[in-house]
Amino acid sequence: MNEPTVFIVDDDQAVARSLRWLIESVRLKVETFSSAQAFIDGYDAGKPGCLVLDVRMPGMSGLDLQERLAAQRIHVPIIFITGHGDVQMAVRAVQAGAFDFVEKPFNDQDLLDRIQKAIALDADQRGKEALRVQLRSLFAGLTPREREVLDLVVEGLSNKAIANSLGLSAKTVEVHRAKVMDKMQARSVSDLVKLSIQNQAG
Amino acid sequence: MHNEWSDAGQMFPGNDLMWLALVILGGTLTAALIALVVVLARLQEAERKISEKESNHESILDRLQENEYRLRTIIESEPECVKLQAEDGTVLEINPAGLRLVDANQPADIIGRKIYTVVAPEYIDIYRENMRRVFAGEAMVYEFRAITLKNRIAWMETHAAPLRDARGNIYALLGITRDITEHKQSEEQARRHQTELARVARLSTMGEMATGIAHELNQPLSAIANFARGCIRRLRSGDMSPEDLAEPLEEVCEQAERAGEILRHVRDFVRKSELQLRPVDVNQIVRSVVKFTDHEARQHRTMVRLHLGADLPKVQADSIMIEQVICNLVRNACEAMVEADSPRREVSIHTRGFGNDEVEIEIGDTGPGIDGTVIDQVFDQFFTTKPDGVGMGLSISRSIVESHGGRVRAESGGSGGTVVRFTLKTGGQPERNRERADSIHS
Ligand SMILES: Nc1ncnc2c1ncn2[C@@H]1O[C@H](COP(=O)(O)OP(=O)(O)O)[C@@H](O)[C@H]1O
Ligand SMILES: [Mg+2]
């Protein structure tokens with residue numbers, strides 16, 4: 001799997017460099033950006049990881065960037081770094097879906113722990129998303145007739161009952177059924193049921 | 001006090017008495033009244049002359065008497081106080097509205113007595129001067145504080161004009177007076193509110209500045225911490241050779257210098273921010289600080305005792321800045337006692353003369369005192385022993401005191417507790433200004 005990256009957005013170059021130095025000490029990959037706009041321009045949403053974001057920045061603030069990403073359905077976990085007394089901003093950020101925040105000056109272990117958790121959450125989200133995409137493509141590979149057969153199999157009907165209800169011969173149902181199992185890469189009816197439920201849930 | 005005096009001294013000199021009186025008095029009623037009174041006076045004068053001559057023109061006399069009667073009725077029913085005063089201040093005549101104004105039960109309570117019996121002592125001199133000018137021919141409007149016959153204190157405004165006899169000699173002052181207490185009070189309230197606002201604005205500027213500094217300083221401090229932590233982690237995991245330390249350490253130094261630069265700015269700000277030096281009463285500053293820290297102190301079960309020196313000379317100071325210093329010191333004292341959970345919590349503030357040309361202010365507490373090993377550092381920027389302390393309070397206080405040409409010292413008291421003393425100059429130029437003057441010459 002792709003190596004996670006910690007994306008740092010901070011207008012203060014020295015702070016950004018120091019964060020890079022700290023985070024790289026636990027062997028994580030780091031990319032820094034000096035403004036929210038630079039991040040929007042340079043970010044590849046395909047890369048797993050998390051975002052460490054300064055709340056206060058001239059131009060587009062951290063909160064503005066969070067809003068922009070949400071509007072674009074980019075769900076990278078965000079850890080906000082807030083200044084002394086910015087509690088209200090932090091609360092707003094978390095209410096708007098931020099993963100967490102740390103208050104400056106922060107304990108390094110706190111920040112690194114949160115980063116690890118954020119990366120794990122991102123990996124989890126990406127894994128689920130990948131599964132959804134895969135399922136969708138599996139289902140998309142079925143013909144309409146195979147879809148009908150699948151739905152009835154999942155409902156627990158026997159081949160004979162399916163044949164009756166669809167006005168087909170038992171033999172034809174048998175063929176469709178084998179095709180479905182094959183296309184869905186299922187080894188048993190219970191596999192089919194699980195996949196079908198997951199698809200509906202996603 | 002000075003303002004009030006100059007208010008009362010507003011004067012309107014004039015040549016042609018009647019016309020000026022008309023212009024000044026503005027209201028047609030008042031003007032008409034004056035005209036009537038003047039006519040009345042002329043009539044009286046004429047009456048006197050006529051009787052002097054033992055004239056037999058009875059019908060003329062009758063007509064004059066009739067006119068006089070009519071004028072009197074008008075004046076008697078006039079809702080504002082109308083009175084005549086002699087040059088020495090004796091009240092010659094006064095209408096019923098006037099009697100009510102000075103809380104007199106009957107005319108004899110005030111007629112024949114000096115007007116000064118109802119003028120507040122601090123206004124008597126200025127009142128005399130105003131009367132002198134009216135008797136010299138000026139029409140005037142003046143304000144004064146009155147103490148009525150029933151000891152009620154009221155603000156009065158008088159429109160005064162000289163009265164002349166047929167030969168043009170001034171023989172009385174005609175005054176129309178009204179009670180302006182309410183107006184005065186709302187004026188006073190507005191003024192007080194203004195100064196209060198100005199003070200709050202300046203204090204909150206200091207507060208904002210402190211928050212701003214905290215934000216600014218957080219940047220280099222966070223960076224330093226991150227670089228250092230990154231080094232420690234690498235050293236611990238054996239990920240780093242000593243040569244690799246050079247670069248992050250370079251960064252650490254740079255950020256430390258950046259923090260120092262920010263602080264220099266703060267000190268310059270305190271130094272350069274326009275000190276509004278005025279002769280001020282230290283005791284008054286102490287009292288006003290105590291007033292607005294009182295609530296906080298009481299919440300922490302802390303007593304504030306004042307031992308203010310008598311007859312202290314005024315010091316040259318910016319009172320807001322000195323308030324800030326005392327406020328910091330009192331707050332530190334309270335915080336120390338709360339933190340140590342001291343059973344007896346007392347802040348005592350002493351003021352006293354010091355040497356020839358200084359006043360000393362001392363803030364003592366019954367807290368834990370300051371450890372001998374750190375007492376030399378408490379004035380350093382960022383020195384703090386409090387979990388959420390900023391460590392700027394004493395540092396800023398020292399900058400303020402020194403910019404006034406004073407000194408500040410902290411001692412751990414013998415019987416426990418902390419004593420912080422600072423001095424302020426009583427006169428002349430504080431050091432800051434002297435430095436400036438010097439640099440202009442060099
Ligand atoms: N009255 C006092 N009693 C004991 N310690 C004091 C007192 N005043 C100041 N100190 C010490 O000096 C330090 C610096 O004070 P200050 O500069 O006001 O910063 P802060 O109050 O933010 O800590 C305090 O943290 C405390 O340790
Ligand atoms: Mg303090």
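**View 1. Burial of Phe39(A) and Tyr43(A).** In this predicted model, Phe39(A) and Tyr43(A) are both buried (under 20% relative accessible area; exposed is over 50%, and partly exposed lies in between, with a 1.4 Å probe and protein chains only). The relative accessible area is 1% for Phe39(A) and 12% for Tyr43(A). The rings of Phe39(A) and Tyr43(A) are stacked, because their centres are 4.6 Å apart and their planes stand at 20 degrees. Rings of Phe, Tyr and Trp (its six-membered ring) pair if their centres lie within 6.5 Å; planes under 30 degrees apart count as stacked, over 60 as edge-to-face and the rest as tilted. Tyr43(A) sits in the loop between α2 and β3 (49–54) of chain A.

**View 2. The aromatic pair of Phe7(A) and Phe39(A).** Over all chains, 10 aromatic pairs are counted by this rule. Phe7(A) belongs to strand β1 (residues 5–9) and Phe39(A) to helix α2 (residues 36–42) of chain A, so the pair ties together parts that are 32 residues apart in sequence. Helices (H or I, at least four residues) and strands (E, at least two) are DSSP runs, numbered from the N terminus. Phe7(A) counts as buried because its relative accessibility is 0%.

**View 3. The ring cluster in chain A.** Phe7(A), Phe33(A), Phe39(A) and Tyr43(A) are linked into a cluster by ring pairs. From C-alpha to C-alpha, Tyr43(A) and Phe7(A) are 8.6 Å apart in space, and they are 36 residues apart in sequence. Chain A has nine helices and five strands, and of its 202 residues 42% count as buried.

**View 4. Asp244(B) in the loop between α7 and α8.** This loop of chain B runs between α7 (181–236) and α8 (246–272) and contains Asp244(B). Asp244(B) counts as partly exposed because its relative accessibility is 38%.

**Notes.** Residues are numbered from 1 along each chain as its sequence is written, and chains are lettered from A and ligands numbered from 1 in the order in which they are written. Local features need pLDDT of at least 70 and side-chain atom pairs count only at pLDDT 80 or more, while totals for chains, interfaces and linings use all residues; side-chain values use heavy atoms, with hydrogens and water left out.
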